[in-house]
Amino acid sequence: MKTLLIEDDPILGESLKEYLEESGIQVHWIQDDREVEYIYSFDQYDVIILDLILKYSKGEDILRQLRNKGVSTPVIILTAKNRIKDKEVCFNYGADDYLTKPFNPKELLLRINALSKRKHIDETIKIGDVEINISTKTVKKGNKEIKISKTAWELLYYLIKNRGAVVETERILNYVWGDKPVGDEIVRTYIKELRKILPKDAIKTYKGRGYKLE
């Protein structure tokens, strides 16, 4: 799972990033909220965690702009603002959850996990004789567990999230590798790894575009 954290407090941001990553969640932390406008695709994130009191703009304005752009990624507000009026504004702008500071990091983790499931991914996915458990991040063929690399798992999870649709190679690169300087070839390498596990023709190639998980 991959999250976008927009938080200008360096101590809170660092501790949250560390805690969530220890829990197996990738975190792209933005401390300078002006960087939001340079994000190419928000689709690469499963959940966005958004502070309201930021250095250069209001979190409420960022939220409204995201929804106006058609960004549907779940957003959880993380703020010291605790008035019901503040919550009303954010929910009206399209927030999915609202957590006030101070908070227990475990509660944030639980809420992130709950929000990520709103994309309606079943707990257990079956592709032919292969069974994939999203929660435990395990893959089984028959009764035998098949171990795959962390990167291969991220790619598989992203294809499952978008199952039935062609996923452009650029979106895959953004989701799995982020800012790392890699190209299309590395995607082909990991697609090849997944094809060794999944049934034949489970992943279709669309030349010049991307891949589709059937």
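Reply: Let's begin with Thr3, which is in contact with Ile25, Gln26, Val27, His28, Tyr45, Val47, Ile49 and Ile112, leaving aside its neighbours within four places in sequence. Keep in mind that this is a predicted model. Thr3 has a relative accessible area of 0%, so it counts as buried.

Where does Thr3 sit? Its place is in strand β1, which covers residues 2-6. This strand belongs to an open sheet of five strands, ordered β2-β1-β3-β4-β5, with parallel pairing. Strands of a sheet pair through backbone hydrogen bonds, either parallel or antiparallel. At the edges of this sheet stand β2 (26-30) and β5 (97-100), each pairing on one side only. From one strand to the next, the twist averages 20 degrees.

β1 and β2 are joined by five bridges in the parallel sense, and Leu5 stands opposite Trp29 in β2. Helix α2 (residues 59-68) packs on this sheet, where it touches β3 (47-50) and β4 (75-79); the direction of α2 makes about 155 degrees with that of β3.

Helix α2 also leads us to a charged pair. Side chains of opposite charge can pair when their charged atoms come close. Glu60 forms a salt bridge with Lys81, and their closest N and O atoms are 2.8 Å apart. This pair links distant parts of the chain, since Glu60 is in helix α2 and Lys81 is in the loop between β4 and α3 (84-93), 21 residues apart. Another salt bridge joins Arg83 and Asp86, with 3.2 Å between the closest N and O atoms. In the whole structure, the search finds 16 salt bridges.

The loop between β5 and α4 (105-116) holds Pro102. Most residues other than glycine have a negative phi, and most peptide bonds are trans. Lys101 and Pro102, however, are joined by a cis peptide bond, with omega about -5 degrees.

Our last stop is another open sheet, with four strands in the order β6-β7-β8-β9 and antiparallel pairing. Here β6 (124-127) and β9 (144-146) each have a single partner strand, so one side of each lacks a neighbour in the sheet. The twist in this sheet averages 30 degrees from one strand to the next. Three bridges pair β8 (residues 138-141) with β9 in the antiparallel sense, and Lys140 stands opposite Glu145 in β9. Helix α5 (residues 150-161) packs on this sheet and touches β6, β7 (130-133) and β8; the angle between the directions of α5 and β7 is about 95 degrees.

Lys137 has a positive phi of about 55 degrees although it is not a glycine. With a relative accessible area of 38%, Lys137 is partly exposed. Asp201 also has a positive phi, near 70 degrees, and is a residue other than glycine. Asp201 is in the loop between α7 (184-195) and β11 (203-206), and counts as exposed at 54% relative accessibility.

Definitions and conventions: Residues numbered from 1 in each chain as written. Predicted model: local features only at pLDDT ≥ 70, side-chain atom pairs only at ≥ 80, totals over all residues. Heavy atoms only, no water. Pairing = 2+ DSSP bridges. Helix = DSSP H or I, 4+ residues; strand = E, 2+ residues; numbered from the N terminus. Axes fitted to C-alpha atoms, helices over the stretch in contact; angles between N-to-C directions. Contact = heavy atoms within 4.5 Å. Buried < 20%, exposed > 50% of the residue type's maximum accessible area, 1.4 Å probe, protein only. Salt bridge = Lys/Arg side-chain N within 4 Å of Asp/Glu carboxyl O.
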